[in-house]
Amino acid sequence: MLLVSDPLGETLNRTVYNLSRLIRGQNLSSLEDLESAAKALLWRQITRPGPPKYSQGLGEICETIQRQTARFSHMIEDQTLLMDLGETAEQILLADPPLGKTLLESCQEVGADKAVVLAANRPAAQDLRTWLEPLGITVLTRSEWARLRDPFEVTYVIGPPKFFGPSLVTAPVTNELSYILPSWFRDRSIPLSSISDYSEGKIEVRQRLFTVNSGLEVAAKSVENTAEETPELESYLPQAVWPSFSDSTKEPTEDEARARKIYLSGDYSIWLDDGDRIRTVDVGNPPGERVSYSSVKSVKCGTVLLLRQGVSEYGALYDASKRALGKRATEIALTQSSWKQILKKRLNEYSRIYVTNQLKRAGVSTPNRALAWTEENLICPQKKNDFLSLLRWLGIPEEPTFSNAMALRLQTYRTRNTVLKDLEDSVSKANMSLLEKNGFIQIEYTTEGFRGILATRVLAISPKYEIVPKSSLRVPAIDRSAKWLE
């Protein structure tokens, strides 16, 4: 590990730490945007050590910090805290990070063709490539590094081990591994596999520490770091700022649903409900195998969603299926509307608990889904016996309602498969390198009802649910609230 003295970074680290404590301690939510920008700057100081001109968006972050520190300078008693933060941001914008100098000298010492630089994430890799690739130095992300066939002699990892998974040391694709990190970052522990303690003949990983520029003096700032404990990893990650949430005890109406807000690359966001599946893209798969339906529960930061702009996926698929049914679509629409309206009426007349209990007695295995079945785009209960039991409880003859619903379901499956194939063809032709670089791309797709397809990466997922109109679910909207997360 190369521990590089970084006075500006150390001052910023102390200031951000104390700012976060102040915000939590005094519930100063109005300063959360400033905190988010400051953490983004701190994260860049650790993971993007190139000269400022190669750090995309650095100027905007520093200018935002300076503007907001001036704006809120009289809101808190310790005005020097915000003053120091603004001054530090100004200096960072003008100075080359010491970590960058150490990195460049290290790569040149072993030979540019023998060294590879491992970036903490995709945006960091993009900035580092702009700086280092003209000098003949290779920069990779973790996934690219893991797929290396011919290992480099030395891998320089930008950031502390805590920012990277255990596979870097337990399954290395390099002869030598060196972490370059600021000396003020205290947690230098090496993450190991959770099963390493139980495995026979496990490898003991030892670390060698080398201090660089230890003679530099830390800038004399009057920022008191009253706590000596090591902050958690989240203290260094740029944080999403979420809007205030509505009353969590309120029950959604039939036109509403509980959903979590998700920030996406490209200045987008969506409201994601707890539905069964959502379309995703796996950039690492070969053409023809990139598009799939994934469980909503599996969506996490880094997942690439495939969304239709302007309307939800459910609505587009339902409309396309009805068009494919031709003349029979009218009759099916009538029977579908009829049983759904009767179920809505029962739910309005009685409590949801009463209806749930009655459906359970009638033999329906998932009675708590009654409200969801009233939605136009949800065809009917998943199990046929549940649907038949529901129809009997509603007093509706089995035919033609049951056969019509089954016909619509079958056509929906066929339409979904056709759309999936066409989408796969379109995604195969799309420039995946642009998706890797920018985090999102527009897919050229001309099938009727499915134009405006967007592939975009998940940046943050709200920890809480909001009640939103169903018409807003899964529809991407312009939202610049997550501008510091990339």
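Reader: How do you know that strand E2 is joined to strand E4?

Author: Happy to show you. Strands E2 (residues 115-118) and E4 (residues 152-158) run parallel and share four bridges. Two strands pair if DSSP finds at least two bridges between them, so E2 and E4 qualify. One facing couple is valine 117 and tyrosine 156, the latter in E4. A strand here is a DSSP run of E with at least two residues, a helix is a run of H or I with at least four, and both are numbered from the N terminus. Please keep in mind that this is a predicted model, where local features need pLDDT of at least 70, side-chain atom pairs count only at pLDDT 80 or more, and totals for chains, interfaces and linings use all residues. Residues are numbered from 1 along each chain as its sequence is written, and side-chain values use heavy atoms, with hydrogens and water left out.

Reader: What makes E3 and E6 stand at the edges?

Author: The sheet is open, with six strands in the order E3-E2-E4-E5-E1-E6 and parallel pairing. Strand E3 (138-140) and strand E6 (210-212) each have a single partner strand, so one side of each lacks a neighbour in the sheet. From one strand to the next, the twist averages 25°. Such angles run from 0 to 180 degrees between N-to-C directions, with axes as lines fitted to C-alpha atoms, for helices over the stretch in contact.

Reader: How do you know that helix H6 packs on the sheet?

Author: Helix H6 (residues 122-132) touches E2, E3 and E4, where contact means heavy atoms within 4.5 Å. The direction of H6 makes about 175° with that of E3.

Reader: Why is helix H13 called largely enclosed?

Author: Eight of the 11 residues of H13 (residues 384-394) are buried, so the rest of the structure largely encloses this helix. Buried means under 20% relative accessible area, exposed over 50%, and partly exposed in between (1.4 Å probe, protein chains only). Among the buried residues are Asp386, Phe387, Ser389 and Trp393. Their cover includes helix H10 (328-349), helix H11 (352-361), helix H12 (370-373) and helix H14 (401-429). Glycine 395 follows H13 and has a positive phi, near 75°. Over the chain of 486 residues, buried ones make up 50%.

Reader: Why is isoleucine 76 called buried?

Author: The relative accessible area of isoleucine 76 is 4%, which is under the 20% limit, so this residue is buried. Isoleucine 76 is found in the loop between helix H3 (58-71) and helix H4 (79-92). Leaving aside residues up to four places away in sequence, isoleucine 76 touches Leu22, Leu28, Leu31, Leu81 and Leu82.

Reader: What makes alanine 37 count as buried?

Author: Alanine 37 has 0% relative accessibility, so it falls under the 20% limit too. This residue lies in helix H2 and touches Ile61, Ile65 and Trp484, not counting residues up to four places away in sequence.

Reader: How many cavities of 30 Å³ or more are there?

Author: The count comes to two. On a 1 Å grid over the protein atoms alone, a cavity is a set of points where a 1.4 Å probe fits but cannot get out; a pocket is an open set with protein on both sides within 12 Å along at least five of seven lines; lining residues have an atom within 4 Å of a point. Points are joined across faces, edges and corners, and a volume is the space filled by probe spheres set on the points.

Reader: What makes up the lining of the largest cavity by class, nonpolar, polar or charged?

Author: Five residues are nonpolar, none polar and three charged. Ala, Val, Leu, Ile, Met, Phe, Trp, Tyr, Cys and Pro count as nonpolar, Asp, Glu, Lys and Arg as charged, and the others, Gly among them, as polar. The lining includes Arg260, Asp273 and Asp274, so these three belong to the charged class.

Reader: Which strand gives the most to the lining of the second largest pocket?

Author: E13 does, with five residues. The second largest pocket holds about 1500 Å³ of space and is lined by 47 residues, with Asn121, Arg142, Cys301, Gly302 and Arg457 nearest its centre. By class, this lining has 23 nonpolar, 11 polar and 13 charged residues.
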